[in-house]
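Open the structure in your viewer and keep the selection panel at hand.

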Amino acid sequence: MSMSFNKLLLHAGVLLVGVAAPFVFPAYTSQIAMMWLMVVFAMTWDLQGGQMGYNSLGNIFFFGIGMYICTIVQISMFVDLGDYTAHSGSARLDLTLTQFLTGLGVGLIVAAIGAMLLAVVFGWIVFGLRGPYFAIGTLGVAIAAGELIGTWDLVGGGGGISLPPFPGEADGTLFYYFMMLGLAIATFLFLRWLYTTSFLLAINAIRDDEEKAEGMGIQTKRYKTVSWSISAFFLGISGGLFGNMIGFVEPLEVAFPTITFGIFMVLMALLGGKGTLWGPIIGAILFHVIKEVTWTYLLGWQWVTLGALIVINVVFFQQGIVGWMQDKWPEKFGIEVDDPDAAEKETA
Amino acid sequence: MTNMIEVKGVSKSFGGVVANHNVSMSVPEGQITSLIGPNGSGKTTLFNSIVGYHPIDNGSIQFEGQEISDLRVQEIARLGMLRTFQQTRIYGKMNCVQNMLISIPHRKATFMDMFKPHDAEITEKAEHLLEFVGLYSKRKLLSGNLSFGQQKLLEFAMALMNDPKVLLLDEPTAGINPTLINGLIDRLKRANTEFGITLFVIEHNMRVVMNLADNVYCLAHGEMLAHGTPEEIQNNQDVIDAYLGAH
């Protein structure tokens with residue numbers, strides 16, 4: 001597929017904004033890094049919720065589990081995990097830059113693969129469920145994981161666990177910013193490629209009529225499981241990075257925040273337009289900006305504003321921004337009768 | 001002549017309702033076989049049993065000599081036996097070409113095949129078949145926005161895209177404009193002769209059955225009532241009593 005000049009310009013523009021942002025607005029670096037995290041959330045959620053029609057409320061599970069796996073690897077590579085958590089508070093793990101980067105690199109890889117494997121295992125169970133039962137089933141997985149880890153003392157239980165700080169004078173903000181930006185770009189490029197293959201058609205078919213898809217011989221379970229493991233892979237990495245950014249991992253608020261991040265994933269994809277490549281990205285950016293602005297200027301009313309946005313979105317604007325554009329200008333999206341001569345002969 | 005589908009003594013009940021009782025029949029290779037019967041006589045249940053939508057209580061169903069009564073829908077589809085639905089089922093939010101592209105046979109699909117780009121040859125075949133059913137100019141429209149009749153034609157084209165050995169059609173002409181039915185009969189016949197697909201058709205429209213079928217089975221109250229050529233069936237007093245006369 002050759003890319004048009006306009007598309008190239010768009011991609012270059014977004015990339016430029018992404019790279020320049022922390023230098024233009026240095027005070028907002030962390031907030032913009034969070035925005036890229038939200039983009040990853042929305043895109044990976046849309047792979048199931050939008051493109052495949054499976055509204056997962058449990059994708060946050062892979063974020064949290066990736067965070068814990070990464071943390072455990074990063075610490076156990078250098079000290080005994082049990083000792084470290086037993087002395088939490090007083091223990092501080094100072095590493096050299098090389099040690100730190102090696103630990104983080106290995107941690108992220110293990111987190112990505114671990115989350116992916118868990119997606120295969122849980123997919124085996126929950127993909128027997130359809131519709132609202134799937135949504136509740138996945139939510140259950142995420143909540144249970146948070147509660148279970150809260151009782152596991154080796155990883156600090158409910159009290160949480162601190163990560164080794166970023167070595168040297170710098171606090172790592174810029175480093176994590178570019179890691180998050182890189183992850184968002186990698187996720188985007190991967191999905192953009194994936195959506196040019198038969199994979200997209202198969203999961204779209206599952207969304208539109210799963211029984212028909214089965215009847216046509218499509219290996220539906222295989223597609224569903226692979227789709228979820230792809231999301232899990234990127235979410236696992238995002239969790240590992242976020243844990244390091246915060247510097248502290250705890251089960252309910254940081255790793256498995258089902259009612260904030262877990263729900264935001266869904267809202268952002270709906271806002272931008274689910275089932276499209278750019279919709280979740282636009283939705284995530286808009287959502288994050290609105291959220292940050294209301295948290296700064298409308299403090300006390302921020303949840304009300306966010307709630308109002310959700311209501312407006314769901315009641316008046318179900319197809320989201322890109323979906324609305326598609327309905328309004330279908331021919332711009334290639335939805336049109338072509339060859340009017342043939343159309344006249346075809347009486348059907 | 002070999003039989004593609006061989007049904008022997010199949011029974012199926014739902015709770016207390018006996019939908020099929022001791023039904024035996026066969027679909028010969030290369031022919032068009034039709035199944036008729038009053039509403040509620042168990043035609044669709046028999047279809048569903050054959051393609052594996054539900055387990056049968058008794059009996060055996062063979063496809064090309066292989067027992068398939070314990071296989072699942074996808075497995076049977078991959079063997080080369082497909083069905084279309086009475087209530088048309090297409091992928092509504094996808095355009096016609098996409099509907100066709102994903103309907104390729106999945107018989108030998110490997111893991112990596114999931115990530116294949118669309119190749120030109122398959123796209124060409126998809127467009128050719130859309131032309132065959134008369135939907136070429138509408139190929140980029142979302143299929144959910146097509147009329148009911150057009151969706152039926154699309155579903156038929158999707159089935160052809162799958163290169164099935166046997167195609168089971170559940171009331172292909174129901175809800176289609178009478179003037180278009182002739183075109184559809186013609187296309188069904190061509191699918192049979194040109195593409196060599198064995199057809200097994202549930203149909204209420206007797207004109208269609210008489211025009212189309214090589215042999216006809218008639219179900220009534222879940223039991224096989226009669227079997228013969230269209231002429232024989234038309235003149236069979238039991239069939240007339242159970243069905244044709246029952247207007």
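This is a predicted model: local features need pLDDT of at least 70, side-chain atom pairs count only at pLDDT 80 or more; totals for chains, interfaces and linings use all residues.

Residues are numbered from 1 along each chain as its sequence is written, with chains lettered from A and ligands numbered from 1 in the order in which they are written.

**Select chain A.** Chain A has 16 helices and two strands. Helices (H or I, at least four residues) and strands (E, at least two) are DSSP runs, numbered from the N terminus. The C-alpha atoms of chain A fill a box of roughly 80 × 45 × 40 Å along the principal axes.

**Select residues 29-49 and 279-297 of chain A.** These are α2(A) and α13(A), packed at about 140° with axes 8 Å apart. Axes are lines fitted to C-alpha atoms, for helices over the stretch in contact, and angles run from 0 to 180 degrees between N-to-C directions. Show side chains: M34(A), M38(A) and F41(A) are among the α2(A) residues that meet α13(A). Contact means C-beta atoms, placed from the backbone, within 7 Å.

The contact takes 37 residues from chain B and 30 residues from chain A. Color α2 (73-79), β6 (81-83), α3 (96-101) and α5 (148-161) of chain B; each gives two or more residues to the side that touches chain A. Which element gives the largest share of that side? α2(B) does, with four residues.

Notes:
Two residues are in contact if their C-beta atoms, placed from the backbone, lie within 7 Å.
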